[in-house]
Amino acid sequence: MSALPSPEALAKLLSNVTSTMLGISFRPVPSADGFAEVWRTVTLPIPGARPLTVGLASDQPSCGVLSAAMFSCPVEAVDQSMMSDSLRELTNMTAGLVKSSLGLDQALGLPKVMAGDHMPACGPPPTTQSVVLKAEKLGLLLWVSEGVAA
Amino acid sequence: MPRVMTVDDSRAVRSIITKQLAAMHCEVEEAEDGAQALTKLQGTSVDLILLDVTMPVMDGPTMLAQLRKSGSKTPVIMLTSESKSSVIGDAMRQGIDDYILKPFKAEELVDKVKKSLKLTDAPAAAAVSSGSAVPGSGQPVDVLLIDDVENVAKRLRTLLNPQVSMLGVASAQAALAACREHPFKVILVDYEFAEVANAQFVSQLKLLCPGAAIIAMPLKPETPAKLLAEVKAKGFSDCFYKPFSPESVEDFSATHFDRQDFLVRKDDLLTVSGFVNKPERFVRYFGRLEALFPPALEGVASDCFSDAFIDLSAIPPLGEIARVLAAVAMKAKALGVGVKLIGPPELRKVLNNFEETKAMALFSDLSKARSA
């Protein structure tokens, strides 16, 4: 069984999504340089022979700016549902790339939005890979863990 | 006007698609899941359906099956993050025209939609490629210049190579309209023009032209580094200072429009293009090569080739190339990739002058290099 993607590889996958869709490139940073407060989290299960969960979290300002870019509108025009929708779609696209990078032929599940820092308890810490990413003032936390939360 | 339905549970994706298709003069109908799409299709007909796979209520494959069962032959393009082979395979068997994996570039979407709708481009390609772009033609354009002073566009046009196509606009609204019409390689934004020199406008440009380099055009300041940081904080990738000079425009052109020609990689073969400029530009030519080799070698390594074949047949055998190749040798060694050079015999003399390059293998042609 191949190892989970490294933090650097995860960062590349996510940045591939944001640069392709939004023209915004993220780079990995030490977790201590991350954002102050996780405001919204999306998790996406990939059930199957090797169940995985992909999670993406963001603070509110970052979520607002990314959503404005997704919807091509001013940040002031972004509402809560647009932010959830954008983060969900970024998670969905990233999960697709994570799955491909691991060579898994498993179907993606539906993304689920949670307020705050609700990282799923689906495996001990060694089976989780995570990375904090920044693009100027924007911050994201991406992780992949073995297992799917019940 | 072609009618297209986008079926996706993500409002953001529907919004992106709708904007891109509206720029192609398509009428767009939206549905957030398969069930809603089927209901809408009972009352209307469309020429193409862009269909997501994973959706709540009714997913894409289920909707596709029901659509085909009803006898509909409407072309369908799957647009999805789902790469599971059985899902794509089943969809193919049910008669999808094509599929696009997310994330996707606007150009890919536009190309596949055009192909599926059998749309052809307006006959303006020649005018676009030979200089000033024709607004509304839908053709890719090299440069969009946004400046409220008309003379700026005229001045740049006179200095740019005629092969570089360019469109000049004088307002934010006109710029956004142009971005909906054309994909641009570079967008130049007047930095003194408050309507466009802000992060929000840059975000909009990025969304409409995701592949474009968006560059600010300020007046050259006393402390460029400080200004560059400010400009980047607003989302610009770089600065291109006013007033333009022939040298600065040549630098700009070389950076954005010559890059692909300097070094072309095809699998394990890296072909270096010939030098076709003034002799005083040699340093820049070799400097650019030095910058392009590392990512090209990384590509060779990441595609699991054991050797990189570097074709230097077209370049002048000057000492500068040995410096470039010394860096290539170090990078290749770090990546675990072997290097075999192809070039004229006189290149050997140049290689022998430097410790780092004298051991490099040189062959007269590719077939000999491959068989060695």
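**Figure 1. Overall make-up of chain A in the predicted model.** Of the 150 residues in chain A, 57% are buried. The model shown here and in the following figures is predicted. Three helices and six strands are present in chain A. Read from the N terminus, these elements follow the order α-β-β-β-α-α-β-β-β. Among the contacts in chain A with a separation of 6 or more, 70% are between residues 24 or more positions apart. Chain A has an accessible surface of about 6,000 Å², and carbon and sulfur atoms hold 58% of this surface.

**Figure 2. The interface of chain A and chain B.** The size of an interface is often given as the accessible area lost when the parts come together. For chain A and chain B, the buried area is about 2,600 Å², with 55% of it on carbon and sulfur atoms. On the side of chain A, the residues that lose the most area to chain B are A:Thr20, A:Met21 and A:Ser72, which together account for 21% of what that side buries. The contact is made up of 32 residues from chain A and 29 residues from chain B.

**Figure 3. Polar contacts and the salt bridge across the interface.** Seven residue pairs are in polar contact across the interface of chain A and chain B, both residues of each pair being at pLDDT 80 or more. One salt bridge is found across this interface. The salt bridge is formed by A:Glu89 and B:Lys102, whose closest N and O atoms are 3.1 Å apart.

**Figure 4. Helices of chain A on the side that touches chain B.** Helix H1 (7–22), helix H2 (60–71) and helix H3 (80–101) of chain A each contribute at least two residues to the side of chain A that touches chain B. The most is given by H3(A), which supplies eleven residues to that side. Sorted by class, the side of chain A that touches chain B consists of 13 nonpolar, twelve polar and seven charged residues.

**Figure 5. The cis peptide bond between B:Lys102 and B:Pro103.** Omega of this bond is about 0°. B:Pro103 lies in the loop that runs between strand E5 (98–101) and helix H5 (106–117) of chain B. B:Lys102, which is joined to B:Pro103 by the cis bond, is also the partner of A:Glu89 in the salt bridge.

**Figure 6. The cis peptide bond from B:Lys242 to B:Pro243.** For this cis bond, omega is near -5°. B:Pro243 is placed in the loop between strand E10 (238–239) and helix H11 (246–257) of chain B.

**Figure 7. Positive phi at B:His25.** B:His25 is a residue other than glycine, and its phi is positive, near 65°. The loop that holds B:His25 lies between helix H1 (11–23) and strand E2 (27–31) of chain B. With a relative accessible area of 46%, B:His25 is partly exposed.

**Figure 8. Positive phi at B:Cys304.** Although B:Cys304 is not a glycine, its phi is positive, at about 70°. B:Cys304 is found in the loop between helix H13 (282–302) and strand E13 (307–311) of chain B. B:Cys304 counts as exposed because its relative accessibility is 69%, the cut-off for exposed being over 50%.

Definitions and conventions. Residues numbered from 1 in each chain as written. Chains lettered and ligands numbered in written order. Predicted model: local features only at pLDDT ≥ 70, side-chain atom pairs only at ≥ 80, totals over all residues. Heavy atoms only, no water. Helix = DSSP H or I, 4+ residues; strand = E, 2+ residues; numbered from the N terminus. Buried < 20%, exposed > 50% of the residue type's maximum accessible area, 1.4 Å probe, protein only. Contact = heavy atoms within 4.5 Å. Areas by Shrake-Rupley, 256 points an atom, 1.4 Å probe, with all protein chains shown as cover. Buried area = accessible area lost by both parts, 1.4 Å probe. Salt bridge = Lys/Arg side-chain N within 4 Å of Asp/Glu carboxyl O. Polar contact = N/O pair within 3.5 Å; in protein donor to acceptor, adjacent residues only side chain to side chain. Nonpolar A, V, L, I, M, F, W, Y, C, P; charged D, E, K, R; others polar.
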